Amino acid sequence: MNQKLRDIYYSFPVQLLVLHLRSHLLLLSIWLVFVLLITGTLARRLGFQYLFLDAEYLGQVNFYSFFFVGVGFGSFFMSWNLATYLLSAHYFPFLASLSRPFTKFVINNFLLPLAFLLLYLGISIYFQHYYEGLVFREIFLNTFGFLCGTAFLVVLYALYFQFTNRDISYYIRRQAKPPHLMTRAYTPGRRTVDLEYIKQDTRRWRVHHYLNEAFRPRLVRSVAHYDSGILRSIFKQNHLNALVLQLISMILLLVLGYLIDYPPFRIPAGSSLFILASVLTAVIGAITYWFSEWSVAVFLLMLLGLNFITRFEAFNYTNKAYGLNYDTTRAEYSRERLRQLGASDRIEDDKSHTRDILEKWRERTGEQKPKLVILCSSGGGLKSATWSMQVAQTADRMLEGELMDHTVLITGASGGMLGMAYLRELYLRQALGDSIDVHDKRYIDDITKDLVNSIAFTIVSNDLFIPWSSFEKHGYTYYKDRGYILEQQLNENTNGWLNKTIGTYQQPEAEALIPMLYLTPSIVNDARRLIISPQGVSFMMMAPVGQRYPQAVEVDAVDFRAAFRQQDADNLGFLSALRMNATYPYVLPNVHLPSRPEIEVMDAGFLDNYGIVSATRFTQVFREWILEHTSGVVLVQISSSDKEEEIQPSGGKGIVESILNPLGIAGKVLVKQEFEHDNSLGFMYDLLGEENFEVIRFFYYPTQENKLEASISFHMTAREKADVLNAIHHPENMVGLRRLQALIGKQNTEAAHFDWKKAE
């Protein structure tokens with residue numbers, strides 16, 4: 001028994017694994033990250049596991065989508081083998097005496113990849129059966145597609161090495177000496193491997209058996225009698241071929257990046273992440289191989305050098321807001337300029353114009369004193385977009401169109417505003433005579449279509465390098481990146497109906513054909529909110545008391561249209577404005593605006609994830625008009641998650657956890673916002689009177705069957721979508737719908753007998 005265990009331990013596969021655990025922890029960490037992602041241990045709420053388990057290609061989850069994920073895994077698998085071969089093969093000189101040494105290395109380097117593959121397939125099959133309800137045939141085809149994709153890429157690599165690598169028999173048969181180039185180290189940092197020492201070392205990397213191509217164990221023979229120069233040349237030849245192949249892979253990614261406009265080239269996000277991992281593995285392996293013990297210093301120098309070089313404009317690409325003019329004089333951005341934009345004369349003009357809109361809205365309702373509705377939709381990816389449209393569509397249908405007719409303002413953040421912007425566009429088209437039904441559920445299907453695959457693929461194929469492909473948008477030229485592809489994909493998903501400038505909405509809003517809509521991305525430089533609207537909104541730049549007492553409060557928001565008027569603000573693409581409002585860090589690039597100094601903006605949710613700040617300030621500014629001409633304000637809050645959060649215990653932590661524990665408050669940014677918003681809403685009750693202000697909340701509650709809350713991402717599974725849609729029937733949401741009916745619904749109409757089954 002002891003001999004068998006000893007033979008197993010000294011087998012080539014086990015010794016390779018031991019070597020990886022000892023020397024290649026950075027490479028192993030990439031496998032660990034994938035394990036954490038696929039099991040949902042890491043980034044579960046962001047839905048990263050679904051990128052691998054529910055892969056989409058051209059809007060479908062099928063054999064082809066899993067085939068491409070398999071191709072991505074095959075790329076990562078082979079990049080892992082190439083990198084570890086570069087770093088490890090010379091420790092096992094017997095390889096050089098074998099035919100096809102790299103092939104045998106891959107076969108014996110199977111323990112870690114096989115364990116990961118079995119884990120992935122097991123979780124994938126369970127997910128497809130339990131969460132997606134697929135039948136055996138569909139599960140089999142998807143799994144087979146993944147395996148075919150993996151095998152396809154592995155075969156391509158095998159063919160390449162079959163025709164490029166030479167083994168020791170080639171040199172012996174021809175009695176040829178290795179090329180002089182192969183006997184030298186490639187760089188000063190890479191020391192020549194002492195094969196004589198390795199050949200004599202019988203304990204450190206002793207190997208008794210290896211597996212051949214038939215997966216049968218074979219005894220390892222001594223290579224002490226071989227010329228070390230020949231052995232070294234064989235390894236270096238294999239290494240050079242591996243480096244060439246990795247370079248070809250990167251060039252191929254660049255070519256694919258040029259083709260991002262064509263949907264067939266937008267491969268599944270899971271495949272893109274595997275390809276990204278293969279690139280990182282290749283880079284780590286190459287640097288470690290070339291510079292050996294200098295590799296850590298080289299990594300640090302590369303980061304410092306990259307940071308220095310990208311300070312220069314020629315190498316520093318920043319994302320832009322499509323439609324703005326970046327070639328003209330830049331807008332001044334300073335405290336003095338902000339105070340000028342918020343001057344009293346401008347505020348009075350903008351307030352007068354908005355009061356005209358309110359008067360036209362009141363006339364359109366046909367009521368003397370209608371209820372004024374403000375819709376606030378929270379951020380939360382496609383989950384929030386789906387939930388916002390479901391709530392608004394269902395309530396408006398129940399009230400026979402009265403909800404949208406009574407709505408004056410829509411505001412919020414991120415995904416929620418994607419849904420509300422699309423619904424408002426449908427409402428406008430119907431008002432202008434198009435034969436569409438704004439309550440049709442197929443429009444929810446549009447907004448739930450995948451966005452993340454295009455983004456992930458563009459990151460890997462384009463944004464890892466300096467973007468070089470350009471395009472023209474609204475009269476100006478920009479470079480393509482993941483921000484561009486998000487807009488393209490969202491435009492395709494929504495039938496091209498949102499492909500407008502913000503200026504095209506100025507007249508419909510001014511005529512009160514549609515509600516006003518405020519997009520409020522966060523300014524990174526100074527934590528102010530940027531308010532994007534086709535109307536003048538200088539009155540939103542500070543609390544109303546600031547108009548009477550200019551030094552009492554500070555400007556905390558910026559009227560985008562006024563600040564960037566000279567940079568063609570009205571020409572800003574509406575899709576760009578939506579993206580600026582939904583720029584989740586790293587997933588999408590921060591947008592840089594043509595100002596001096598240059599400011600950058602990101603997701604609105606970091607300052608006002610629920611739109612409450614905008615809603616309460618608007619109400620405060622027009623308080624007198626509201627009290628005189630309406631019967632009160634109804635603030636409808638649509639949130640993609642339950643408002644109340646479980647209290648987490650603080651005790652029982654070790655010393656490291658205790659050190660990090662105070663930083664945990666940074667992750668409670670949204671909870672902190674909720675407390676502040678409740679305080680603002682309480683102020684509204686005091687300002688308007690309890691009889692003139694009411695808040696109706698709609699929360700997404702995951703069903704008991706779903707167990708897990710839908711993820712916050714630009715991708716939704718079929719089960720998540722169904723769960724979000726069904727949340728409208730939760731008892732608390734039903735109470736909210738009936739309260740809306742009591743406040744603004746027509747009495748003694750079909751609204752009182754709403755068909756809930758038909759609404760499902």
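This report describes the salt bridges, cysteines and cavities of a predicted model.

**Salt bridges**

Side chains of opposite charge can pair when their charged atoms come close. Across the whole structure, 20 salt bridges are found. The table lists some of them.

| Pair | Closest N and O atoms |
|---|---|
| Arg362 and Glu359 | 3.1 Å |
| Asp445 and Lys721 | 2.3 Å |
| Asp526 and Arg528 | 2.9 Å |

The salt bridge of Asp445 with Lys721 ties together parts that are 276 residues apart in sequence, because Asp445 lies in helix H19 (residues 442-447) and Lys721 in helix H31 (residues 718-726). Asp445 is partly exposed, at 34% relative accessible area.

Arg362 and Glu359 are three residues apart in helix H15 (residues 344-365), so about one helical turn separates them. Arg362 counts as buried at 15% relative accessibility, while Glu359 counts as partly exposed at 23%.

In the pair of Asp526 and Arg528, Asp526 is partly exposed at 25% relative accessibility and Arg528 is buried at 10%.

**Cysteines**

The disulfide count is zero. Cys148 is partly exposed, with a relative accessible area of 23%, whereas Cys376 is buried at 0%.

**Cavities**

Eight cavities of 30 Å³ or more occur in the structure. The second largest cavity holds about 60 Å³ of space. Its lining comprises eight nonpolar, one polar and two charged residues, and includes Arg424, Glu509, Ser533 and Phe574. Strand E9 (516-519) and helix H25 (574-581) each contribute at least two residues to the lining of this second largest cavity.

Definitions and conventions
Residues numbered from 1 in each chain as written. Predicted model: local features only at pLDDT ≥ 70, side-chain atom pairs only at ≥ 80, totals over all residues. Heavy atoms only, no water. Disulfide = S-S within 2.5 Å. Buried < 20%, exposed > 50% of the residue type's maximum accessible area, 1.4 Å probe, protein only. 1 Å grid on protein atoms, 1.4 Å probe; cavity = no way out; pocket = protein on both sides within 12 Å on 5 of 7 lines; lining within 4 Å. Points joined across faces, edges and corners; volume = space filled by probe spheres on them. Helix = DSSP H or I, 4+ residues; strand = E, 2+ residues; numbered from the N terminus. Nonpolar A, V, L, I, M, F, W, Y, C, P; charged D, E, K, R; others polar. Salt bridge = Lys/Arg side-chain N within 4 Å of Asp/Glu carboxyl O.
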